[in-house]
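Trainee: I'd like to learn how to read a few features in a model like this one. Could we go through them together?

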Amino acid sequence: MVTIYQGRSGLSRRELLKRGSAAGALFIISGSAVLSASESWGLESTALKPETIATLIQMARDVYPHDQVPDRYYAIAIKSHDELAAKDPAHKELIEKGIADLDQKSGAGGYTGLGWEDERVAVLRQIEETPFFQAIRGGLVVGLYNQKDVWPIFGYQGESYSKGGYINRGFNDIDWL
């Protein structure tokens, strides 16, 4: 094996790419915020640790996987858990202990350190009956799918009653059935 950067200290390009992809390189955790450099959004946490928020966002993406939905919508859905944790110490404890258990079951790198979705889903299957998992899953149903900005991604035009119903507004325009 030939080393291209002999004599230089620091990481080689190969090592940087290997470490970066292993860590996911999706989120930057700083102070009390989770930032996404690739999508230019940030989320400030008030009660939960930023590492917890980042793990919850990854968990949300694994529980309800939609490749076409950007992470910022998952972050908005998770934000309600941070707000509730600020008001309710029991909820904060449920989330923090749930994340600690999730990281412990995931091994040395924790949940976000698992590189493959299949590995993360296998860990989630181990905890799917816990109150922690059910709280996150239940909150995501409302938190993710009630965002009006997400609806066009799925082709949903919103409620139709105020516009005369669906019969004359695209009832038969489904092209995927």
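This is a predicted model: local features need pLDDT of at least 70, side-chain atom pairs count only at pLDDT 80 or more; totals for chains, interfaces and linings use all residues.

Trainee: How many salt bridges does a search of the whole structure find?

Mentor: The search finds six. Take Asp62 with Arg120, where the closest N and O atoms are 2.6 Å apart. Asp62 sits in helix 2 and Arg120 in helix 5, so to speak distant parts of the chain, 58 residues apart. Helices here are DSSP runs of H or I with at least four residues, numbered from the N terminus.

Trainee: Are Asp62 and Arg120 buried or exposed?

Mentor: The cut-offs come first: buried is under 20% relative accessible area, exposed is over 50%, and partly exposed is in between, using a 1.4 Å probe and protein chains only. Both Asp62 and Arg120 are buried, with Asp62 at 6% relative accessibility.

Trainee: What else does Asp62 touch?

Mentor: Contact means heavy atoms within 4.5 Å. Leaving out residues up to four places away in sequence, Asp62 touches Tyr111, Glu117, Arg120, Val121 and Leu124.

Trainee: Which other salt bridges are worth a look?

Mentor: Arg61 and Asp71 are both buried. Then there's Lys97 with Glu93, a salt bridge of 2.8 Å, N to O. Both of these residues lie in helix 4, four residues apart, about one turn of the helix. Lys97 is exposed at 55% relative accessibility, and Glu93 is partly exposed at 43%.

Trainee: Next, helix 5. Which of its residues are buried?

Mentor: In helix 5 (residues 117–127) they are Arg120, Val123, Leu124 and Ile127. Seen down the helix axis, these buried residues fall within an arc of 100°, so they line one face of helix 5. That arc is taken over the directions from the helix axis to the C-beta atoms. Asp118, Arg125 and Gln126, on the other side of helix 5, are exposed.

Trainee: What covers the buried residues of helix 5?

Mentor: The cover includes helix 2 (50–63), helix 4 (89–106) and helix 6 (131–145).

Trainee: Last topic: how do I read aromatic pairs?

Mentor: A pair of aromatic rings is described by the distance of the centres and the angle of the planes. Rings of Phe, Tyr and Trp (its six-membered ring) pair if their centres lie within 6.5 Å; planes under 30 degrees apart count as stacked, over 60 as edge-to-face and the rest as tilted. That rule gives three aromatic pairs. For Tyr145 and Phe154, the centres are 5.9 Å apart and the planes at 50°, so the pair is tilted. For Trp151 and Tyr156, the centres are 5.1 Å apart and the planes at 75°, so that pair is edge-to-face.

Trainee: Which residues form one aromatic cluster?

Mentor: Tyr64, Tyr145 and Phe154 do. Tyr145 is partly exposed at 26% relative accessibility, and Phe154 is partly exposed at 34%.

Definitions and conventions: Residues are numbered from 1 along each chain as its sequence is written. Side-chain values use heavy atoms; hydrogens and water are left out. Helices (H or I, at least four residues) and strands (E, at least two) are DSSP runs, numbered from the N terminus. A salt bridge is a side-chain nitrogen of Lys or Arg within 4 Å of a carboxyl oxygen of Asp or Glu.
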